[in-house]
Amino acid sequence: MEKFVYLFHEGNGNMKETLGGKGANLAEMTRIGLPVPYGFTISTQACNAYYEAGKTIPSLVESQVLGALNSLEEKMGKKLGDAENPLLVSVRSGSVFSMPGMMDTVLNLGMNDETVIGMGKLTNNPRFAYDSYRRFIQMFSNVVLDINTFYFEQLLEETREHKGYSADPEMTAEDWKEVIEGYKGIVKKHTRKEFPQDPKEQLFLAINAVFDSWNNQRAIVYRRLNKIPDHLGTAVNIQSMVFGNMGNDSGTGVAFTRNPSTGEHVLYGEYLINAQGEDVVAGIRTPQPIQTLKDEMPAVYKQFADTCKRLEKHYKEMQDIEFTVERGQLFILQTRNGKRTAQAAIRIAVEMVEEGIIDKKTALLRVDPDQLNQLLHRRIDDKYERTLLAKGLPASPGAATGQVVFDADEAEELGNAGKKVILVRPETTPDDIHGIVAAQAIVTSRGGMTSHAAVVARGMGKACICGCDALKIDVKAKQFTVDEKVIHYGDVITIDGSTGEIMLGEIPMIEPQLSDEFQLLLTWADQERKIGVRANADNPEDAGKAFEFGAAGIGLCRTEHMFMDLKRIPIVQKMILAESYKERMEALDELLPMQQGDFVGIFEAMQGFPVTIRLLDPPLHEFLPDKEELLVEVTKLQILDPASPELKKKELLLKKVRQLDEFNPMLGHRGCRLGMVYPEIYEMQAKAIFYAAAKLEDKGMEVQPEIMIPLVGHVNELKEMRQLVIDAAVKVQEETGKLFEYTIGTMIEIPRAALTADQIAEEADFFSFGTNDLTQTTFGYSRDDAEGKFLQNYIENKVLPENPFAVLDQDGVGRLVEMGVKLGRGTKPALKTGICGEHGGEKTSIDFCYKTGLDYVSCSPYRVPLARLAAAQATIRHESNKKEVYTTA
């Protein structure tokens with residue numbers, strides 16, 4: 001008989017795929033003897049069986065749940081629904097990968113009109129019992145019955161105001177009874193049924209709801225964002241309740257064993273006296289720092305601090321722990337590997353090595369390469385004057401400027417339109433996930449450092465400020481007030497998530513500074529990795545930044561970007577519009593020293609490392625005015641000023657633009673095809689490279705030019721262009737008397753080149769796989785059209801698992817890369833191979849490149865640290881024969 005339900009003592013920490021992360025950790029903590037409220041876990045397989053049965057709990061699952069419930073009742077000495085001694089339970093989701101706040105939870109299940117009386121007598125605290133009952137009705141109604149929490153909060157607020165209270169703890173038992181009756185009325189109005197009183201009916205309805213929440217909108221968005229597979233399902237954890245709202249000797253909190261923003265080795269978290277767990281993470285009340293628990297409950301604090309050390313030592317990872325204190329007794333409700341900023345991830349990994357908890361290889365696997373982007377962006381420049389509006393809690397570091405918006409939908413709409421926005425809310429909920437994704441940063445007036453906004457923002461690397469109660473936010477009026485100052489929708493603010501400061505207007509930013517721990521971690525990465533990392537850079541500034549970030553060469557220098565300079569465009573256009581070879585050569589002679597100067601700067605910046613220079617690739621019409629705009633200008637002149645000399649000039653230009661116009665420019669007269677028809681263009685570029693090399697030889701500097709011929713589809717194209725480059729080199733060497741080393745290769749970016757790589761390798765010293773164009777030509781997609789019109793739909797509907805322009809398509813495009821490497825090295829065993837498309841800076845694509853035997857990857861300068869770390873992780877994983885799993889810190 002298949003087992004779907006596990007009591008906590010039947011599981012362990014290695015059963016995440018069955019019990020989910022939360023269930024596995026509850027089982028593991030039970031196993032090692034920590035004070036965990038007892039319970040059982042319904043497996044992820046049961047969730048899949050639920051969906052296979054048409055969103056119905058199968059009878060076998062139901063019978064196993066009832067059997068486990070019976071065992072729980074015996075263990076606790078209480079029964080679900082017993083009026084005298086009731087068992088109350090929580091029902092929580094728990095997926096294989098942590099998805100904080102994305103799925104649903106129900107607390108205090110088992111309460112009804114009878115058990116609330118029993119709870120009041122048992123605890124001698126009717127106020128607590130009725131408070132717990134109203135919480136249950138509100139949460140159950142929202143999660144299970146799909147009634148908006150707003151209706152309950154509105155009634156509660158009206159009741160508080162009517163009675164003159166400022167906070168919930170002032171409410172008496174009689175007050176809560178009144179609220180409960182109002183809540184029941186809300187349920188009946190919205191469902192046309194009474195609130196369910198049978199605890200077993202409540203239990204199975206709640207289990208259904210948690211399974212359903214696996215496919216709610218926010219969970220789907222979160223999974224897509226974090227690349228979590230849809231088929232995993234969620235487990236459901238049924239756990240006996242402990243209560244943090246039984247008085248001033250009770251409380252609840254969330255804590256990290258180290259600071260998740262900075263990585264500092266101190267206990268970090270928050271708690272609330274006389275509250276339940278949801279009060280802390282929901283941001284309804286602003287909690288106290290965990291250190292003050294030392295004064296309130298010193299014995300509990302010591303036990304908790306010792307437990308934190310024990311858990312960190314056991315899991316060998318920074319832990320995120322939820323706890324409750326019931327009448328002075330500590331209970332651990334959950335532990336998991338804590339989400340953290342990139343800065344914290346690096347510091348924690350390095351310090352854990354220094355503390356002897358983990359080794360260097362484990363430390364390298366602990367940091368998600370994608371997180372490193374957080375450290376490579378700008379921060380506020382202190383030199384500029386700032387108008388401080390308010391200060392809140394620095395929940396997630398970094399700085400951002402944007403227009404104020406108050407609604408997640410608006411944030412998404414404006415963000416997708418290219419606007420920079422900052423989402424300002426009283427507090428965020430999991431339903432706001434799409435707006436958080438689109439925003440530059442998040443600000444809330446309520447909630448603490450472990451609230452929903454803080455946790456999600458830190459995971460995404462976005463700046464976030466929480467608990468800024470100086471902001472009086474009016475969501476309906478789309479404005480917030482600080483003292484007398486009113487900030488309206490669309491006004492620009494700047495926030496500093498590291499200090500908690502909110503400032504008016506836009507403030508300039510400065511470049512980042514990398515920590516010693518970051519540099520040390522990357523040094524360890526360089527010691528481990530067995531694949532090189534270069535950068536894509538088209539000018540000396542980018543080359544210098546790439547070198548600073550540790551690039552060991554340039555893998556792609558796009559020479560057309562040098563032509564795009566405003567001062568050069570007229571000369572380039574003169575070259576294109578030339579009516580004779582002589583006119584064209586005059587323009588090329590003007591361009592040559594400019595290109596030479598560019599190459600000198602790039603060679604100098606790379607200090608002897610190889611530089612791969614791609615000769616002109618795009619079609620010539622890209623350097624000319626837009627045809628439609630030019631047509632409008634010509635038509636206007638024909639009507640308004642037909643005698644204008646400007647008209648004749650523009651008509652000639654329009655004629656040339658039309659001549660160069662192509663039905664499909666991506667597959668048209670570009671790349672080496674330009675060099676074949678206009679060899680003088682490639683000859684000029686080759687000479688500029690060799691003059692630059694000769695000049696630096698004079699200075700005693702080593703240079704390694706690698707000249708790349710683009711868009712080769714047939715070996716004869718490369719053969720002819722190779723000879724052109726060699727001839728140019730000979731001319732420059734004879735002219736200057738300097739000898740220099742260089743290599744000639746090609747970019748493999750169309751399928752035929754990969755399929756005939758054995759032939760092409762006869763004329764190539766290296767292959768560089770241009771996976772941007774190789775993806776376009778393999779799929780038959782025009783990237784701009786695909787991404788703008790249908791690709792997102794394909795991803796959402798699972799036609800494609802990922803955007804193939806962001807993550808390498810290993811089954812199709814990847815197979816061509818593998819074939820190209822194998823065939824090329826069959827001809828030339830020492831053939832150097834690399835990748836220079838955007839995939840060179842994406843972690844799973846880098847892993848593929850390592851497995852395929854490429855010599856290097858090349859990416860944008862700011863992704864070089866990411867690539868260095870990802871290359872090390874690929875080496876460690878495959879050389880240790882470990883299962884290929886991407887760790888997320």
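Reader: Let's start with helix 21. What do the buried residues of helix 21 pack against?

Author: In this predicted model, the buried residues of helix 21 pack against helix 20 (560-563), helix 22 (581-606), helix 24 (645-660) and helix 26. Helix 21 itself covers residues 569-577, and its buried residues are Ile 569, Ile 571, Val 572, Gln 573, Met 575 and Ile 576.

Reader: Helix 26 turned up there. Which core does helix 26 give residues to?

Author: Start with the core as a whole: the largest nonpolar core has 153 residues. Those with the most contacts inside it are Phe 603, Phe 690, Ile 709, Val 725 and Phe 767. Helix 26 (residues 679-698) supplies the largest share of this core, 12 residues. There's also another core lying apart from it, with 87 residues, including Ala 68, Val 106, Leu 311 and Leu 330.

Reader: Can we zoom in on one of those? What is Phe 767 in contact with?

Author: Set aside the neighbours within four places in sequence, and Phe 767 is in contact with a list that includes Thr 746, Ile 748, Ala 757, Ile 760, Ala 761 and Leu 831. Gly 820, Gly 824 and Gly 834 are also among its contacts.

Reader: Now for annotations. Where does UniProt place the feature "binding site"?

Author: An annotation like this is read from a record and then located in the model. The UniProt entry, which is unreviewed, puts "binding site" at Glu 749 and Asp 773.

Reader: Is Glu 749 buried or exposed?

Author: Look at the relative accessibility: anything under 20% counts as buried. Glu 749 has 1%, so it is buried. You'll find Glu 749 in the loop between strand 28 (743-748) and helix 28 (751-755). Beyond residues up to four places away in sequence, it touches Asp 617, Arg 670, Pro 710, Leu 711, Gly 770, Asp 773, Leu 774 and Thr 777.

Reader: And where does Asp 773 lie?

Author: Asp 773 lies in helix 30 (residues 771-779). With a relative accessible area of 13%, Asp 773 is buried. Leaving out residues up to four places away, Asp 773 touches Arg 670, Leu 711 and Glu 749. Its side chain also makes a polar contact with the side chain of Arg 670, at 2.7 Å.

Reader: What about a loop residue such as Ser 644? What does its side chain reach?

Author: The side chain of Ser 644 reaches the backbone nitrogen of Glu 646 at 3.0 Å. Ser 644 sits in the loop between helix 23 (627-640) and helix 24, and at 11% relative accessibility it counts as buried.

Reader: Let's step back to the whole protein. Which domains is the protein divided into?

Author: The divisions are domain 1 (5-240), domain 2 (251-340), domain 3 (377-510), domain 4 (529-619 + 662-883) and domain 5 (627-661). Taken over C-alpha atoms, the centres of domain 1 and domain 5 are separated by 72 Å.

Reader: Last one: what is the mean pLDDT of the protein?

Author: The general idea is that where pLDDT is low, predicted coordinates should not be read in detail. Here the mean pLDDT is 90, and 97% of the residues reach 70 or more. Over residues 882-889, though, the pLDDT is below 50. That stretch has 25 contacts in the model beyond near neighbours in sequence.

Notes. Residues are numbered from 1 along each chain as its sequence is written. This is a predicted model: local features need pLDDT of at least 70, side-chain atom pairs count only at pLDDT 80 or more; totals for chains, interfaces and linings use all residues. Side-chain values use heavy atoms; hydrogens and water are left out. Domain bounds come from an automatic or database domain assignment. UniProt positions are given in the numbering used here, feature names are shortened, and annotations may be inferred rather than shown by experiment. Helices (H or I, at least four residues) and strands (E, at least two) are DSSP runs, numbered from the N terminus. Buried means under 20% relative accessible area, exposed over 50%, partly exposed in between (1.4 Å probe, protein chains only). Contact means heavy atoms within 4.5 Å. A polar contact is a pair of N or O atoms within 3.5 Å; within protein, one must be able to donate a hydrogen and the other to accept it, and residues adjacent in sequence count only if both atoms are side-chain atoms. A nonpolar core is a set of buried Ala, Val, Leu, Ile, Met, Phe, Trp, Tyr and Cys residues joined through side-chain atoms within 4.5 Å. pLDDT is the predictor's confidence in each residue, from 0 to 100.
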